[in-house]
Amino acid sequence: MSATAAARKRGKPASGAGAGAGAGAGKRRRKADSAGDRGKSKGGGKMNEEISSDSESESLAPRRTEEEEEEELEETAQEKKLRLAKLYLEQLKQQEEEKAEAREFEEDQVAGRLKEDVLEQRGRLQKSVAKEIQAPAPTDIRMLRGHQLSITCLVITPDDSAIFSAAKDCTIIKWSVESGRKLHVIPRAKKGAEGQPPGHSSHILCMAISSDGKYLASGDRSKLILIWEAQSCRHLYTFTGHRDAVSGLAFRRGTYQLYSTSHDRSVKVWNVAENSYVETLFGHQDAVAALDALSRECCVTAGGRDGTVRVWKIPEESQLVFYGHQGSIDSIQLINEEHMVSGADDGSVALWGLSKKRPLALQREAHGLRGEPGLEQPFWVSSVAALLNTDLVATGSHSSSVRLWQCGEGFRRLDLLCDIPLLEELLSAFLVRVVLNAQVCALFPKPAESTCFLCMLTSHFFLGEG
């Protein structure tokens, strides 16, 4: 008991010591735990401090980014200035290149125009347009009526907006090309009547209009030439001097110099702007049938039955004489300053160059033959026309059609392009004149028919008058 008790006694302290040690260990563990907790808390503090430092770094990062952005913005502005400067220089360079191209284009245009002008003055300009022309369809023909007797002549204004037609009823009618309406009528003047409006009292045979469309001239069987203001159809002057019917009129292009010819075999020169007579030229041996002129101070005439074509040089008061047709030469027109086309009652069409006295090309039986077998006769070529400075020529006859021709290179050949047939009720019309103005072809009948046509080669329609 005593031993057990002693042991227990010994054990108690031992157990107590152990307990104390355990308690101490527990305390140490608690301290360690608390220290750990404190450490953890401290660690957590450090972590918090690290997190806060991260947040601080994050909060600082935008400040660095802003600084960098400011630096980048400063660099971008500089780069932008540099880029804009480069862009401006490129634009300037591009503009200069465009200006250079425009100058080159203008120079090319001017050079081309100057070349055309030089060729035109030399009479060598020949634009190729004939292959682009197509004959109008019969459905494209429309009729207008106004004259009481046969129409003898017609002219078209330079801007192709109006047509003047004159007839044996001694009247002149101004038509609108677009609408076909009458714009003005110059009535017949009665002989011996005083106080009446000025006008013609006999058959009107020819007309001409100045190249700027200001003046209109008309000639009649009474030997008179009347000058009108084309816009208002107001009478301005009357020229007298011819001793027979006035058969041809033509203005010199770019001027108000007027050439006239007559059955009295003379050619007269007038100054319309000054209302004055200039001079008279003689040479033809028969009544002169037709006349034409361009920019040069000269004109060409068809001498009718004297069988000659003549070129009149006005300043030198000289003339060139050409032979080639076998019959009466009734129509003539200049193609350019050095070439012309003529038609005769032997059925032939001739192309001429001013440097040769014989035709460069001669197309016989241009409109075919008529009559009984063995007694055939060629259709009389009574009208010719040419589109200025091109290879297109038109001829008219009483063969019930108008023919379009292409001039070969150097005007040494005539090739038929197409026939333009007339309306059935107008097949007997005898065409006595053809006028091609720009892209317009006007055709006129003989006295037996009071019908005229206008063929617009671009819009393909005919204007008929009866």
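Cys 298, Cys 299, Val 300, Val 311, Leu 334, Glu 337 and Leu 354 line the largest cavity. The model is predicted, so-called local features need pLDDT of at least 70, side-chain atom pairs count only at pLDDT 80 or more, and totals for chains, interfaces and linings use all residues. Residues are numbered from 1 along each chain as its sequence is written, and side-chain values use heavy atoms, with hydrogens and water left out.

A cavity is a set of points, on a 1 Å grid over the protein atoms alone, where a 1.4 Å probe fits but cannot get out; lining residues have an atom within 4 Å of a point. By this rule there is 1 cavity of 30 Å³ or more. The largest cavity holds about 30 Å³ of space, the volume being the space filled by probe spheres set on the points, which are joined across faces, edges and corners. Strand β15 (residues 298-302) gives the largest share of the lining, 3 residues. By class, the lining has 6 nonpolar, no polar and 1 charged residues; Val, Leu and Cys are among those counted as nonpolar, and Glu is among the charged.

Strands are DSSP runs (E, at least two residues), numbered from the N terminus, and two of them pair if DSSP finds at least two bridges between them. An open sheet of 4 strands, paired antiparallel, has the order β6-β7-β8-β9. Its edge strands, β6 (204-209) and β9 (234-239), each pair on one side only. Strand β8 (residues 225-229) is joined to antiparallel β9 by 5 bridges, and Trp 228 stands opposite His 235 in β9.

Conventions:
1 Å grid on protein atoms, 1.4 Å probe; cavity = no way out; pocket = protein on both sides within 12 Å on 5 of 7 lines; lining within 4 Å.
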